[in-house]
Amino acid sequence: MAKKLEFMMGNHAVAEGALYAGCKFYGGYPITPSTEVAERMAERLPKVGGRFIQMEDEIAAMASVIGASLAGVKSLTATSGPGLSLKQENIGYAMLCEIPVVIVDVMRGGPSTGMPTGPSQSDIMQAKWGTHGDHPVIAVTPASVQEQFNETVRAFNLAEKYRCPVYVLTDAIIGQMMEQLEIPEPGELEVIERPKPDCKPEEYLPFDMDKEFVPLAAFGSGYRYHVTGLHHNSDGFPTNDPVLHTKNTVRLIERINKNYDDIMKVEEFMTDDAEVLVFAIGVSARSAKHAVIEARNQGIKAGLLRPLTIWPFPDKHIDNILNKGNVKGIVVPEMNLGQMTLEVQRVAKGRCQVEGLFSLMLDPILPGEIVEKIRRFV
Amino acid sequence: MARVDIRLGGSGGQGTITAAAILGYAAVYAGKNAVQTKSYGPEARGGAARGEVVISDEEINYVKVIKSDVLVALTQEACDKFIEDAKEGSVVIVDSMMVKDLPKGNFKLYALPIIKTAAEDIGKSMVANIVTLGVVNEITKLLDYDKLEKGVLSKVPKGTEELNKKALKAGVDLVKNMK
């Protein structure tokens, strides 16, 4: 049978992906260029037995999705940079309290209210360090309307599996553009459901520090426990013990780092013999692929490393390519002033040159500009 | 078919973004790849608006239009602004009523009464964007007419199907009658 083919806007595809993953709650506050995610969810959720709430602001919106998730429901919110700033306090809460939620950030030019309709990739570091303290972060980075759908499903899976907030980090171009989308059949993409505890309620330790994974019991399911943004014991009540503070913080971060291979996803395009590597995400990666093909046509051995998971950072994948010893330089095109470039430099450890290509011009970086940078390494 | 970059320029409210979306939709249903992007300001009416669509049988990487293979300008402002990004030998279509100062250069220029046809022959200036699609497709032969018509009919509001069908056909006839 022919697949269900659509020509859909990227933001709508995020909403459809969330529904495919079983999302039943959306709490949000509208903001350009993310509003179409909310609009689609408002229209669709009631029809599948879900709930949509427009809250009074982004802080409350984030709190509402955390609450819904604690009640056992897969939950989504979407926003853009300014809204993400407001959500950060509660995102940190969800990280420490191990509450799965998916947060879509359709990046626009910042700082502050910045450039409302202007595409950008300048929240890469906000996704990583927007909230205070040491914490685990997972962020996925789609680059097409199909990936807006598929990566949102994956974000929900990662959130449930690793009991943590997961970002879908996209931009105003990918979010607002229309492209073909094949809606997968039910069962075609993996959908991870939240495991339920199998112990008796009185034995349940929601934050058991000696275990890597503890199922999150839904409020109202008979398991009573305490949730606090203070560092807590395995039973959820506050503790001042520096040893436990250390143990739990490390546990949460290591849980992500140890599972790098499961969480990480990259596209490698012509990297096998590449002498110049382009490292890019989202809409910049679309330009980069165009540029790599053009460079190859000019006889330059260029390749593209495109992360679909940007946090945790794809250290191992960069290492593997650099260890082959062919790469003379890495070009990092990004629609900000160098947030990823510094990370790539950190991983490269001087093994090759790393050159950023930055733009705040609110348009995708032109393939020709990337080719020009590539040529400098030849 | 290698990528064809199409830019539809006009003022906000003329439906250029909708037209680009319909063209992309029809192309996808005809088995091609398509990406539609837009540029807009905060205003809903007026101001320069443009709809862009890239259509290709191959994978589309760069999502926007850089240099156009087909440029449509429904206002003088759009014509002046986008003409320098028309490829050499490309197709340039302007509305003959709105664009008085015709562009000069190495391209195939079609000055056609698109808005007048919509307003007087069809009776609604609103459908100028659909007339435009008829014009673009008749010149470029990008899609089978049937598939484009199907795309238009599935995207326009219910009850306006006949009107839009006529508008699309009127666009085709504008080009045919030139010959």
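Reader: Where is A:Glu39 placed?

Author: A:Glu39 belongs to helix α2 of chain A, which covers residues 35-44. Helices (H or I, at least four residues) and strands (E, at least two) are DSSP runs, numbered from the N terminus. The model is a predicted one: local features need pLDDT of at least 70, side-chain atom pairs count only at pLDDT 80 or more, and totals for chains, interfaces and linings use all residues. Residues are numbered from 1 along each chain as its sequence is written, while chains are lettered from A and ligands numbered from 1 in the order in which they are written.

Reader: Why is A:Glu39 classed as partly exposed?

Author: A:Glu39 is partly exposed because 15 other C-beta atoms lie within 10 Å. A residue is buried if 20 or more other C-beta atoms lie within 10 Å of its own, exposed if 12 or fewer, and partly exposed in between, with C-beta atoms placed from the backbone.

Reader: What separates A:Glu39 and A:Pro367?

Author: Their C-alpha atoms are separated by 33 Å, and the two residues are 328 apart along the chain.

Reader: Which domains does chain A have?

Author: The assignment gives domain 1 (4-183), domain 2 (201-261) and domain 3 (266-376). These bounds come from an automatic or database domain assignment.

Reader: How far apart are domain 1 and domain 3 of chain A, and how many residues does the contact take from each?

Author: Their C-alpha centres lie 26 Å apart. The contact takes 23 residues from domain 1 of chain A and 20 residues from domain 3 of chain A; two residues are in contact if their C-beta atoms, placed from the backbone, lie within 7 Å. On the domain 1 side, α5(A) gives the largest share, 4 residues. That side divides into 13 nonpolar, 7 polar and 3 charged residues. Here Ala, Val, Leu, Ile, Met, Phe, Trp, Tyr, Cys and Pro count as nonpolar, Asp, Glu, Lys and Arg as charged, and the others, Gly among them, as polar.

Reader: Turning to the sheet, in what order do the strands β10, β11, β12, β14 and β15 of chain A come?

Author: These 5 strands of chain A form an open sheet in the order β10-β12-β11-β14-β15, with mixed pairing. Its edge strands are β10 (266-269) and β15 (353-358), each of which pairs on one side only. Two strands pair if DSSP finds at least two bridges between them.

Reader: In what sense do β11 and β14 of chain A pair, parallel or antiparallel?

Author: They pair in the parallel sense over 3 bridges. A:Leu277 has A:Ile330 as its bridge partner in β14(A).

Reader: Which strands does helix α10 of chain A lie across?

Author: Helix α10 (282-297) lies across β10, β11, β12 and β14 of chain A, at about 165° to β12(A). Axes are lines fitted to C-alpha atoms, for helices over the stretch in contact, and angles run from 0 to 180 degrees between N-to-C directions.

Reader: Which residues of α12 in chain A are buried?

Author: They are A:Gln339, A:Met340, A:Thr341, A:Glu343 and A:Val344. Their cover includes α5, β11, α11, β14 and β15 of chain A.

Reader: And how many residues of chain A are in contact with chain B?

Author: There are 19 residues of chain A in contact with 18 residues of chain B. Helix α10(A) gives the most to the chain A side, with 5 residues. A:Glu179 stands opposite B:Val35 in β2(B).
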